[in-house]
Amino acid sequence: MTRIAPYQAKHFEGVDRLWRTVFPDDPARNQAHNAIPAKLELNDGLFWVALTGDNAVIGTIMAGWDGHRGWLYAVAVDPTCRRSGRGRMLVDHALKELSRRGCNKVNLQIRKGNEEVAAFYRTLGFAIEQRTSMGKEL
């Protein structure tokens, strides 16, 4: 049985292990030791983990809400647990919470060429929008 729970410090090692597996090429700013403290500082309650019956971390999702638009980040499911509905469970959980807060538009970004992940999000009702994503490192 899988349950979704708010992230707690005791989940750090499991999240770090999962992210290293699922996002092996992520830059340092996205790695657990940097991203988690920054997220927790916001104290917005928008970071969850998927846990097994014995409390092992098998999934994560972070959401953001700025009053204008919501975002999904760090959606990860252990590769051995994929295609089991856990990713959908995590996304549905985050979308419900964002909606409860008044959010009516949610965005996410997928790295170019990651067609498997794009197909997953299409099954959840997301569509590719014609935008150019730009960023700047500070």
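This is a predicted model: local features need pLDDT of at least 70, side-chain atom pairs count only at pLDDT 80 or more; totals for chains, interfaces and linings use all residues.
A pocket, as the word is used here, is an open set of grid points, on a 1 Å grid over the protein atoms alone, with protein on both sides within 12 Å along at least five of seven lines, and its lining residues have an atom within 4 Å of a point.

The largest pocket has a volume of about 1,900 Å³. Its lining consists of 49 residues, and those closest to the centre of the pocket are Phe23, Tyr73, Ala74, Val75 and Gln109. Several elements take part in this lining: helix 1 (12–22), helix 2 (32–42), strand 3, strand 4 (70–77), helix 3 (86–100) and helix 4 (115–123) each contribute at least two residues. Strand 4 contributes the most, namely seven residues. When the lining of the largest pocket is sorted by class, there are 26 nonpolar, 10 polar and 13 charged residues.

The second largest pocket holds about 780 Å³ of space. It is lined by 24 residues, and Leu108, Gln109, Ala127, Ile128 and Glu129 lie nearest its centre. Here strand 5 (106–107) and helix 4 each supply at least two residues. Which element gives the largest share of this lining? Helix 4 does, with four residues. By class, the lining of the second largest pocket is made up of nine nonpolar, seven polar and eight charged residues.

Is Thr60 buried or exposed? Its relative accessible area is 0%, and therefore Thr60 is buried, since the word applies to values under 20%. The side chain of Thr60 reaches the backbone oxygen of Ala74 at a distance of 2.7 Å. Ala74 has already been named as one of the residues closest to the centre of the largest pocket. When neighbours within four places in sequence are left aside, the contacts of Thr60 include Val15, Leu18, Trp19, Phe47 and Trp48. Ala74, Val75, Ala76 and Leu90 are also among them.

With a relative accessible area of 16%, Thr2 is buried. Its side chain and that of Arg86 are joined by a polar contact of 2.7 Å. Apart from neighbours within four places in sequence, Thr2 is in contact with Ala50, Leu51, Ile58, Arg86 and Met89.

Trp71 lies in strand 4. Its relative accessibility is 24%, so Trp71 counts as partly exposed. If residues up to four places away in sequence are not counted, Trp71 touches Met62, Ala63, Gly64, Leu98, Val106, Asn107, Leu108 and Gln109.

Asp16, a residue of helix 1, is buried at a relative accessible area of 16%. The C-alpha atoms of Asp16 and Ala32 are separated by 5.3 Å, while the two residues are 16 residues apart along the chain. Trp71 and Ile36 are 35 residues apart in sequence, and the distance between their C-alpha atoms is 16 Å.

The backbone deserves a remark at two loop positions. Asn55 is placed in the loop between strand 2 (47–51) and strand 3. Its phi is near 70 degrees, a positive value in a residue other than glycine. Asn55 has a relative accessible area of 44% and is therefore partly exposed. Arg83 is found in the loop between strand 4 and helix 3. Phi of Arg83 is near 65 degrees, which is again a positive value in a residue other than glycine. Is Arg83 buried or exposed? Arg83 counts as exposed, because its relative accessibility is 77% and the term applies over 50%.

The last topic is the cysteines. A disulfide is a covalent bond that links the sulfur atoms of two cysteines. How many disulfides are counted in this model? The count is zero, where a pair of cysteine sulfur atoms would have to lie within 2.5 Å. Cys81 counts as buried, because its relative accessibility is 14%. Cys103 is also buried, with a relative accessible area of 9%.

Technical notes:
Residues are numbered from 1 along each chain as its sequence is written. Side-chain values use heavy atoms; hydrogens and water are left out. Buried means under 20% relative accessible area, exposed over 50%, partly exposed in between (1.4 Å probe, protein chains only). A polar contact is a pair of N or O atoms within 3.5 Å; within protein, one must be able to donate a hydrogen and the other to accept it, and residues adjacent in sequence count only if both atoms are side-chain atoms. Contact means heavy atoms within 4.5 Å. On a 1 Å grid over the protein atoms alone, a cavity is a set of points where a 1.4 Å probe fits but cannot get out, and a pocket is an open set with protein on both sides within 12 Å along at least five of seven lines; lining residues have an atom within 4 Å of a point. Grid points are joined across faces, edges and corners, and a volume is the space filled by probe spheres set on the points. Ala, Val, Leu, Ile, Met, Phe, Trp, Tyr, Cys and Pro count as nonpolar, Asp, Glu, Lys and Arg as charged, and the others, Gly among them, as polar.
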